[in-house]
Amino acid sequence: VVDVDALLRCPCCHGALDVDGNGRRCASCDRTYPAAPGWLDFLLPEDAAGLDIETNYEWDYRHDPRVSPLTLERWRILAEAHADAVLTGTHRPVVVSVGGGGENWLLPHLDQRVGAYLVVEPSEAQLRETRLGAGTPGLLLRAAAERLPLGDGSADVVELHSVIDHLADPEQALAELVRVLRPGGRVTVTIGNDGSWYRRLAGRIGIATHDEHAHARRFDVPGVRALLAGAGLQPMAGRTFAYLRLPSRIERLAERLSPSARRRLVHATDRVGRRLLGPTAGGMLLVVARRP
Ligand SMILES: [Zn+2]
């Protein structure tokens with residue numbers, strides 16, 4: 001059983017922490033980190049003010065009209081592929097989900113199969129909506145990706161699920177992820193693919209796909225691989241999913257299909273799309289990289 005508390009360190013100086021009431025106090029620099037109901041608060045006031053961190057980010061897919069029943073099926077298929085990429089040995093990994101607050105699509109596929117699951121999230125609104133699995137020891141930590149409250153080499157896996165385009169400083173955040181990752185550990189990046197066939201097509205003929213927001217940088221498979229390699233990681237092959245993408249109005253007709261029929265539809269169109277359009281042209285991407 002993993003002692004999750006023993007993995008925690010001061011996000012400022014990486015000193016050991018003492019229990020201080022319900023919160024923590026750094027034994028080296030004497031900073032204090034209060035406890036909130038459900039999480040420990042390691043977000044430094046100067047980071048919350050200085051970095052452009054989304055401390056009040058709030059999103060609920062249930063109220064997002066772009067999310068259709070087929071979208072949910074694609075997310076499940078992506079989460080299964082992610083679990084396969086993470087659960088590679090007999091050892092149950094310590095997983096750190098950076099920006100993983102709110103509804104979490106990856107955790108249900110990892111619950112009871114990992115040694116520990118730590119969610120790091122700067123937004124209180126998202127933390128309030130976060131539910132850890134019943135079968136996994138875990139903690140919720142309010143902190144910035146650029147300054148993680150974890151010791152060097154404490155994680156086997158760091159996941160960035162739909163997060164990399166929200167980071168205030170992706171290069172700084174990746175350097176910090178590498179610090180907390182043990183040698184041989186893995187980083188996983190999952191996100192909408194800016195290199196998908198339909199976004200390239202829409203760009204060429206001038207149609208809005210309604211997901212251009214927040215994409216200050218292009219995150220296609222080569223772009224994510226380059227970012228990971230720049231942080232000193234060894235990117236492995238990237239995969240893309242979700243080749244079928246119809247206007248949401250039409251996609252909502254899939255409500256009439258059974259869940260298994262939706263799944264067969266997504267799998268079948270992915271198989272055909274991958275063969276016809278290549279491995280990097282789907283609507284969602286998964287890239288895994290290894291710390292040497
Ligand atoms: Zn300290």
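Me: What makes Cys 10, Cys 13, Cys 26 and Cys 29 donors of the zinc ion?

Reply: Their SG atoms lie 2.2 to 2.3 Å from the zinc ion. A donor is an N, O or S atom within 2.8 Å of the metal (3.2 Å for Na, K and Ca), so these SG atoms qualify. In sequence, the donor residues follow the spacing C-x2-C-x12-C-x2-C. The model is a predicted one, in which local features need pLDDT of at least 70 and side-chain atom pairs count only at pLDDT 80 or more, whereas totals for chains, interfaces and linings use all residues. Residues are numbered from 1 along each chain as its sequence is written, and side-chain values use heavy atoms, with hydrogens and water left out.

Me: Why is the arrangement around the zinc ion called tetrahedral?

Reply: The 4 donor atoms subtend angles of 97 to 121 degrees at the zinc ion. Four donors count as tetrahedral if all angles lie between 85 and 135 degrees, and the arrangement is therefore tetrahedral.

Me: How do you know whether Cys 26 and Cys 29 are buried or partly exposed?

Reply: The relative accessible area decides (buried is under 20%, exposed over 50%, partly exposed in between, with a 1.4 Å probe and protein chains only). Cys 26 has 1% and is therefore buried, whereas Cys 29 has 33% and is therefore partly exposed.

Me: Why do Glu 251 and Arg 74 count as a salt bridge?

Reply: Their side chains meet at 2.6 Å, N to O. A salt bridge requires a side-chain nitrogen of Lys or Arg within 4 Å of a carboxyl oxygen of Asp or Glu, so the pair meets the condition. This pair links distant parts of the chain, with Glu 251 in helix 7 and Arg 74 in helix 2 (residues 69-86), 177 residues apart. Both residues are buried. The structure holds 15 salt bridges.

Me: Why is Ala 242 counted as buried?

Reply: Its relative accessibility is 4%, so Ala 242 counts as buried. Ala 242 also has a positive phi of about 65 degrees although it is not a glycine. Its place is in the loop between strand 12 (239-241) and helix 7.

Me: What shows that the radius of gyration agrees with that of a compact globule?

Reply: The rule, taken over C-alpha atoms, is 2.2 Å times the number of residues to the power 0.38. For 292 residues a compact globule would have a value near 19 Å, and the chain has 19 Å, which agrees. Of these 292 residues, 51% count as buried.

Definitions and conventions
Four donors count as tetrahedral if all angles lie between 85 and 135 degrees; four count as square planar and six as octahedral if opposite donors are over 155 degrees apart and all others between 65 and 115; anything else is irregular. Helices (H or I, at least four residues) and strands (E, at least two) are DSSP runs, numbered from the N terminus.
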